[in-house]
Amino acid sequence: MTPAQVVYVGGWGRSGSTLLSHMLGAAPHMVAVGELRYVWQAGVTADELCGCGLTFSGCPFWTEVGARAFGGWDAVDAGEVLALEAAVLRHSRIPLLAAPWLVPGHAEKLRRYAELTAALYGGILEVSGATAVVDSTKNPPYAYFLRRAAGVDLRVIHLVRDSRGVVFSWMKKMVRPEITSADGAYFEEFSPLRAAVRWMECNLAFELLRRLRTPTVRVRYESLVGDPRRELEHAMERLGHETDFAFLEAGELEVAAQHSVRGNPMRFAHGRQQVRVDDAWRTQMRAGSRRVVTLVTWPLLLGYGYLRSVG
């Protein structure tokens, strides 16, 4: 059986992953599905809204994917899958992905979760008719898991954004529109220090993944927004997926309703969208917060070229 081709967007949240996912998903032969790692929690269990605007259970695309992959979503015990995720996808258990036999029974959990994941990707490709799935989960443990999962051909786009812009975004109170309960819900908020540490942790994890010879290309959010066609054609060529992004030439993107799980609220915005950089942090971020973030993250800021210019 041919492994499912997966283009994985890695990094930390608020780095522009939803925008990148929209761009990739609009390309020929690619299908973007949002943060697929959460499909069992947010979709099957919680029945949250799909990016198309329908509930997960009411979305024809996901209904057909479940049928093709498993014979229906109810043919799989979602509780079992969530338990497998809890065991396999912990940050502390990343080393066990290389040596699962060190913990009794862990290898079998890994095999079972990989089997379900490969079937899910296969179902998505079959229903969509695409040749590659764009998964914008970002989560480092999930990427390390996919690297070893049988039936998955993993390619990684490591998306980075200036840490000060990322942290400024995480400090905002933002509604989660996919939660349809009366009380609603908000995204988690982070202090500048905690957010800066998380930014370092996630990006270092993907730097290590690249050194483990996982096909990986780094893309800067600021460069992506500045010239999306050039950046994506270069990135995909390096990953072995030569793709034409001429539709991004004008700096605009026609966003169709993608069947995405979780992600930034902008995944619900459809139609013609202007591609432009969000750099409000430069004028609106408090000086104290900015200093804290720069102090914690300066090694990677320097390495990624963010300290070569003023700001």
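Which residue lies over the face of tyrosine 306, and at what distance from the ring centre?

Author: Happy to! A word on the ground rules: this is a predicted model, in which local features need pLDDT of at least 70, side-chain atom pairs count only at pLDDT 80 or more, and totals for chains, interfaces and linings use all residues. Residues are numbered from 1 along each chain as its sequence is written, and side-chain values use heavy atoms, with hydrogens and water left out.

Your residue is arginine 220, placed over the face of tyrosine 306 at 4.4 Å from the ring centre. A charge sits over a ring if NZ of Lys or CZ of Arg is within 6 Å of the ring centre and within 35 degrees of the ring normal. Arginine 161 has such a place too, over the face of tyrosine 221 and 4.8 Å from the ring centre.

Rings also meet other rings. Phe, Tyr and Trp rings (for Trp, the six-membered one) pair if their centres lie within 6.5 Å; planes under 30 degrees apart count as stacked, over 60 as edge-to-face and the rest as tilted. The whole structure holds 15 aromatic pairs. In one of them, tryptophan 12 and tryptophan 170 have ring centres 5.0 Å apart and planes at 25 degrees, so this pair is stacked. Tryptophan 12 sits in the loop between β1 and α1 (17–25) while tryptophan 170 belongs to helix α7 (residues 163–170), so the pair ties together parts 158 residues apart in sequence. Those labels come from DSSP runs, numbered from the N terminus: helices are H or I with at least four residues, strands are E with at least two.

Tryptophan 12 and tryptophan 170 are both buried, a word that stands for under 20% relative accessible area, with exposed for over 50% and partly exposed in between (1.4 Å probe, protein chains only). In helix α7, 8 of the 8 residues are buried, so the helix is largely enclosed by the rest of the structure. Among what covers them are α8, α11 (281–284) and α12 (287–303).

Tryptophan 170 leads us on to an opening. The volume of the largest pocket is about 1200 Å³. Helix α1 gives the most to its lining, with 4 residues. On a 1 Å grid over the protein atoms alone, a pocket is an open set of points with protein on both sides within 12 Å along at least five of seven lines, whereas a cavity is a set where a 1.4 Å probe fits but cannot get out; lining residues have an atom within 4 Å of a point. Grid points are joined across faces, edges and corners, and a volume is the space filled by probe spheres set on the points.

Serine 260 is found in the loop between β6 (252–255) and β7 (271–274). At 6% relative accessible area, serine 260 is buried. Leaving aside neighbours within four places in sequence, serine 260 is in contact (heavy atoms within 4.5 Å) with Val33, Gly34, Leu49, Cys50, Gly51 and Arg267.

Finally, the nonpolar interior. In soluble globular proteins, nonpolar side chains tend to be buried together. A nonpolar core is a set of buried Ala, Val, Leu, Ile, Met, Phe, Trp, Tyr and Cys residues joined through side-chain atoms within 4.5 Å. In the largest core, with 51 residues, Trp62, Ile124 and Phe145 touch the most other members. Elements supplying at least two residues each include β1 (4–10), α3 (60–70) and α5 (106–128); α5 gives the most, with 9. A second, separate core has 27 residues, including Met23, Leu159, Val225 and Leu253. As for Trp62, ring pairs link it into a cluster with Trp40, Phe56, Phe61, Phe70 and Trp73. Beyond four places in sequence, the contacts of tryptophan 62 include Val33, Cys50, Ile124 and His259.
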